[in-house]
Amino acid sequence: MKIFRNACPRNCYASCSMLSYVNNGKLVKVAGDDQHGYTKGNLCAKGYAFTQYVTHPNRLKYPIMQSPRSSGNWKRISWEQAYTIIADKIIELNERYGSNLASGYNKFSGNIGLMHYAAEAMFNSIGPHTKPKGNLCLTTGNDALKERFKQFEQSSPEDMAAADLIVIWGANPAVTNIPQMKYIFQARRAGAKVAVIDPVFTETAAKADLYIQIKPGTDGLLALYAAKRIADSSFFVENYAQDCTNNFIQFKRIMEKVPSADKVSELTNAPISAIEELAELYIHAASSVTWIGFGMQRTNTGGENVQAISALAAMTGFLQKKKGKLFYAHDDLEQFPLHLLKFPEQKHSKAQASRAIDINSFAKNALELSDPPLKFLWIASRNPFSQDNNLQSWMKLIQQLELIVTVDLYMTKTAEISDIVLPAATHFEEMDLIVSYWHHWISINEQSLAGYFESKSDLQITRELTNKLNERSPGFSTFPSELEALDWIQKELSPEIQELYGIQDYTDLLSGPHLKKPEKIPAKEKFSFNILDVSGYLENIKVQKDSLLFPYQLITPQSLLTIHSQYEHLSWLTGTDENSEDTIAEISAIAAEENKLMPEDSIEIFNENGWVDAKLKVNPYLAKNIVLVKQAGKKPINWIIVHQESDQCQETSTHFYDSKVNIRKKKVSRNG
């Protein structure tokens, strides 16, 4: 039996450190690493299920190719054949159009390990190309916070245990950040109050002292009212607020425009008593924590909501002898050299720079490209046909593309429409470095298993494809294919990073994860309050009334036992429903009665974009105008979600929760 150190690279707050137990080349056990100071030796159910994940019979084993596209007529090919077809297409497009702009990639965060920036490095190595920009989940919140703070420093999440008030806006850590719950429970045992503001009565809300069921997209109004109440309290020190901010007087004038409690209640659907209680909790807390969840950004008022909540958190710092901390996500990763992500782009005589298009509307934007159009697409660490919006645009784009290559572990919805699918390695089959966007620990990920059949890591695929490109066209790529994962890891552990994490070499991480040292905080910069157009914000909320055609708002949160479409094949997590085709749609008892629907009825969820079949579940805690469907599944709900681009032409997170739908009982055909 051999024991290795690994770290979960899934797109999750926790980035858990784990120990893998390997016997004769087989993974027999996965356990939490008790040397990790945040996760403290615990894993979620998904982590413990990795022993099934790595050897599941549905896992991809070999490179495969289908013809024609989407036919399901797959045949096994060799890696040599795959590399040759891909390299020849990239080179042919280069010769046809005079640059590599017709070739591009669509990649995101299915694996957040630093070595998984290899695809970006390879494309940079061939010169200007087409690539995504932006962030599906974090852009809106990041931009809003940067407007408030030039440098937003997030405290250690372990510090949450010392708070006497924890207010969670639009997050459900009991499902999406399980390790954090122990710090929340620790605070509660010491007498802390926990408040949750969310349109859905979540697993976290069930554990709270105060739950406010709010209309999606109106959180900022509730936050502004609480800020106004703080400013009016006898505990508020206005002179201190003016000294610590750039524009408190202007913000005070804005707060004068915030409507009364009864009007706030009308617009947010929150009871007046709950609105007042939230304000009182903030006013009387000695040490408060405000947590802005990612769900906050999934409406078109997300930026205003984050701004208002961050302003409320700042107001708690201007109360006598009070402390207020704000949590969202941090950018520790940006302190690393990121040699793969920032690999120098090869200069090209005919193309000055790469074309970067918004990932939130990638397919729509790609269709608008010309001179040259996009013809080759590499997809990795993503499953857009299960999670993206605007699938109608994707369907048009695949008709235009001449070659689609997907790198993944399982046959996903996206892989099904690809020409070539390459089998990827799990994190047990590669070496990597993992840094969280929530806690401040760094972990090494050792390779503990040989590749599953012919699966390969992203880096290995990149290295070998580079060699094929240069074989077919000498000098085509500048990527140093001789460098292995350990070489890149050592490059990431620069002297600055070594000092920051108290390590001298990667071998120090083999004995356990390391905590980032507290940085020297520079002279405190003044806080900039958001100068919201309150009237415009209120008007935006008011116009979001339910339409007669589509009276329900579609909410699509994460599931407990999957992350997007990952882990869907595991019977340990899905139980006997592994092969079920049913999508579960939850509605309120009122909505069920109004539509003459019964539990377990087969229904259709529809809007102007199409429809999705689902099995009905009545949720007694759901607001009457909400339809709740979990992400991904065999019949993904994203087919009817269309992202509306910002009028300001600025990057935003995807507005998944702005989708309006209707429901109806499914008619049974004569053929059953």
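**Salt bridges and a helix pair**

The structure, a predicted model, holds 26 salt bridges. One of them joins D33 to R5, with the closest N and O atoms 2.7 Å apart. D33 lies in the loop between β3 (26-32) and α1 (45-48), whereas R5 belongs to strand β1 (residues 2-7), so the pair ties together parts that are 28 residues apart in sequence. Both D33 and R5 are buried.

A further salt bridge is formed by R229 and E280, whose closest N and O atoms are 2.5 Å apart. Because R229 is located in helix α8 (residues 219-231) and E280 in helix α12 (residues 272-284), this pair ties together parts that are 51 residues apart in sequence. E280 has a relative accessibility of 31% and therefore counts as partly exposed.

K666 and D613 also form a salt bridge, in which the closest N and O atoms are 3.1 Å apart. Distant parts of the chain are linked by this pair: K666 is in the segment after β25 (660-665) and D613 in strand β23 (residues 610-618), 53 residues apart. With a relative accessible area of 33%, K666 is partly exposed.

Helix packing was examined for α4 (residues 118-125) and α18 (residues 458-472), whose axes come within 8 Å and cross at roughly 20 degrees. Angles under 35 degrees count as roughly parallel, and α4 and α18 are therefore roughly parallel to each other. The crossing of α4 past α18 is right-handed. On the α4 side, A118, A119 and M122 meet D458, L459, T462, L465 and T466 of α18. The residues of this contact comprise five nonpolar, two polar and one charged.

Note on methods: Residues numbered from 1 in each chain as written. Predicted model: local features only at pLDDT ≥ 70, side-chain atom pairs only at ≥ 80, totals over all residues. Heavy atoms only, no water. Axes fitted to C-alpha atoms, helices over the stretch in contact; angles between N-to-C directions. Helix = DSSP H or I, 4+ residues; strand = E, 2+ residues; numbered from the N terminus. Parallel < 35°, antiparallel > 145°, perpendicular 65-115°, else oblique. Left-handed = near helix turned anticlockwise from the far one by under 90°. Contact = heavy atoms within 4.5 Å. Nonpolar A, V, L, I, M, F, W, Y, C, P; charged D, E, K, R; others polar. Salt bridge = Lys/Arg side-chain N within 4 Å of Asp/Glu carboxyl O. Buried < 20%, exposed > 50% of the residue type's maximum accessible area, 1.4 Å probe, protein only.
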